[in-house]
Amino acid sequence: PPPPPPAAPSPKQQQPPAAFLPPPRAEGGADAPDAFVRRIADENSKRRSWRNKLDLSRTVLEGGEVTSLNELACLQAYLTWVASGQIKCEEDGSHHRPCAHADAAKKITAMLWQFAERGDAQRFVARRIFPSLPSYAEQFTCAVPMTRIRDIAHRNDIPHELKQEIKHTLQNKLHRCADPGDMVTCHNLIEKCRRENRYSGAFMHEFETFYKELKEFFNAGGLDEKCHSIAGGDASLKGAADHFMGLKHGGANASDQLGALAHLRSLITSRVESEQYILLFDLELEKYAFVLLSQLAGELEHAQHGSADWWRRLLHVLNLSLKQSELSGIGVEECAAVAREFAACSEAIGGGPSSFLAMRLAASADRALRICFHLTQSLEAAYRVVPSLGQALHIDGHAVSVFVEAEMRTSILFQVSKLVQLVMQEAKRSANLPLWTAISAGTGVGKVVRCNELSEAWTKKLPAEGAIVFCNEAGGDEELPPLVRGVVVSRDLPVLSHLALRARQLGAVFGCTTERPLYEKALAKAADGAAVKLIVEAVGDVRVEPATDAELKEASGAAAGDAKPKPAEKGETKLGKLNVEAQDVMAVVDLADSPQTAGSKAASSGKLESIAEKAGFKAPKGQAVPFGVMTRCVTGKEVDAAVEKLQKALDAKSDGIAALAQAARDAVEKCKVPKKVLEDLVAGLPAGTDRVAVRSSANSEDLEGVSGAGLHDSVLGVDPKDAAALERAIVQVWGSMFTLRAVQSRHAAGMPLFKGVAMGVLVQPMVSLEGCAYAFIAFSKHVVEKDPSSVYLEVCVGLGETLASADQPGTPYRLVVKKAAPNAVKTLSLASFSYGLQDAAGGPVSVRVDYAKEKLSTDQAFLEKLAQDVASVAAKVEDCYGTPMDMEGVVLERSGAREIHLVQARPIVEAA
């Protein structure tokens, strides 16, 4: 059977769907796929007939044995090999009419659609299975199906020998134990009758008609057959089907055919899950769409690039391809959003894209590539188990490889990715954009360590000479081990994210790119364990070169010194001063000069309140829970025991640190907050405050030489009138002293685990406005180029966690603004995040961003003016503090007026 298609819609509001995040690890435990492979192989050897093999698939689905994408992919491979004859079917002595096969297929189909609701990859694999199942149309589920062959075998106008041959090799076999080999038998018999050319036209017509019925039962008809059948049997589709077939066979260009095909698919898409013949027709249309897209992609690739006509044609074809993916159920809303962006860009092309429009195209391409990339990642992980199944079933190794390769490369999104790469390459060339993002410029020397995720660097024994880490993913909240000298990541990250900040603090060079071929080119020069020199230039160039023994030795000396943990007692001097006498809630404005009471973050927020009017911004009127409350409340045997176990594990460098850190956190979160503290917090907030942000303010963060940004939790959207919710948020912030990243950071910096560490809590009214809020992080110094005359800022739609945590793939708006008049603005990138966090009752929600309607992306003057306004505030804050500052805030657009709110500021921390 031909290879089918793709996947499922995703919600508008909620966390981003799994399709747009890194794929999860295999479900069901490490041994689950292997156990499933053994189960299928063992049962297959016992089940000789096609019916029994179909029933095996029904059994494992109904029994809940297919729990993971790996297992679903194995089921797809198994049924494909059965249907194609690579797994032999034979009679087993039982007698079951084809209605038994049809009944099993109907049940399998229903369960596969349930599985498909779990995500894009699940839908993709489920759609690949459907063509391997027999039809369960009404004529095949009746008690005695396929009666035409009985009548044919008893005709009086054919010789006795032929009657017997038809009866024994086809009729009885079908009614006893049907399998796909019967179609071959029928085909051979018809061909024999044609060659002999001595039978009546009536007989041949009946036999040909039966063959068509048999092909329908085995789902073996092609696109033309199905299209003619649809046109003849469904008046609502006849016009569109005839028009498409006229273009297909009339020599129309591929683009016109694809447009007609998309229209036809759009007419049937609502019926795909309820009508099997419509589903199979849709799958055939999608296969042909792949062929057309392959042709169009080749034409565009070899045409002269860059003209306005070339751009319009490319974007038109790309939107048609995204529509195909949408119609298949893959990334439905995301494909639609990206298509709107490309359509808006196409309308604005004019005589050719401007630099700003080229940036829009590059950002849209980045977003589109994520749809392709994350589905590919999921499928690569899913099909990884298939070779083991092939081996267990004694399938030819080459056939297994062909199967896996075909599944990866014959999807619509494979063609989408080729078209999007064309957009990305030409757009970056037109806008003169760098191919890499320099997170931290410089040169790092060390030995290569390859990981899938950056967090895995903590689980590996890093070379004493220093490590240059290459990885596919970074969550954004990782802490870098001290021996890391450089990082290359195959995804983009905000330059001002917490991870980026910590990389610069550690002095590790850091480059990232969304372009997989670029990453793989660098990776090809970095064999695991090889000594290399990683060069990251501020202008966006990354190079990997062999390192000499002398260079490695020099780096090794520095690394060896850094690798030695500093004694905890000496590390205590790094902690901020600590005063635990205060037990009452305090207004942060009264703490501007008292970081020892509730932490540097609370004190800095107080200072922001005091300078806000002078510097031209607004600051939330916050309240602080001082250190003394935490030290009084976070006590007890359970806390002490959990901290002691964690300390021993850290000292022994043993496994299980993550679990022990979580246990310590759990113990802290069982502690209680005094009722008076909760009441005083509410009383001290401005009237009308209905949601607050509850933030950390520890004496181990925002210090000279140690930023600690992003190590601890912030809880957003808390209802302060809900005492239980407010208490949960406070103990969550206290417990975040024991997030793995916070524990690793303190240990790496030589700070104590808990003794002398205290957590104040900063409570601020939420600063947001749905639909009109832009979060920013601004550095009053361009830290990548080390330029104090410029402000570097990153902006996103919605709240700031998107920028700070970097847990969502994509790029922010990146801009550099000169401090001196006329405050020239250089736009480095436009945003491509799929989602923005919006404030809402019950906490922030992720809302899909439509950049086709987003003024920051459509109005260059608006974006640049916003950047200048933020940069002006950043420069004034730097003057007030007397040092380059790292600031986080929100820009609100209210009825044409602009408000800039700063929620926190800290001195920029860079490597010595």
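Mentor: Happy to! Let me begin with a term: a disulfide is a pair of cysteine sulfur atoms within 2.5 Å. By this rule the count here is zero disulfides. C99 has its closest cysteine sulfur in C142, and the two sulfurs are 7.2 Å apart, too far for a bond. For C796 the closest cysteine sulfur is that of C772, at 15 Å, which is also too far for a bond. C796 is buried, with 1% relative accessibility (buried means under 20% relative accessible area, with a 1.4 Å probe and protein chains only).

A word on the source: this is a predicted model, in which local features need pLDDT of at least 70, side-chain atom pairs count only at pLDDT 80 or more, and totals for chains, interfaces and linings use all residues. Residues are numbered from 1 along each chain as its sequence is written, and side-chain values use heavy atoms, leaving out hydrogens and water.

Now to the sheet. Seven strands form an open sheet with mixed pairing, in the order β1-β5-β4-β3-β2-β6-β7 (strands are DSSP runs of E, at least two residues, and helices are runs of H or I, at least four, numbered from the N terminus; two strands pair if DSSP finds at least two bridges between them). At its edges lie β1 (437-440) and β7 (541-546), each pairing on one side only. From one strand to the next, the twist averages 30°.

Within the sheet, β4 (residues 484-489) pairs with β5 (residues 509-512) in the parallel sense over four bridges, and V488 stands opposite G511 in β5. Helix α21 (residues 498-506) packs on the sheet and touches β1, β4 and β5, its direction making about 55° with that of β1. Contact here means heavy atoms within 4.5 Å, while axes are lines fitted to C-alpha atoms, for helices over the stretch in contact, with angles from 0 to 180 degrees between N-to-C directions.

How values were computed
Buried < 20%, exposed > 50% of the residue type's maximum accessible area, 1.4 Å probe, protein only.
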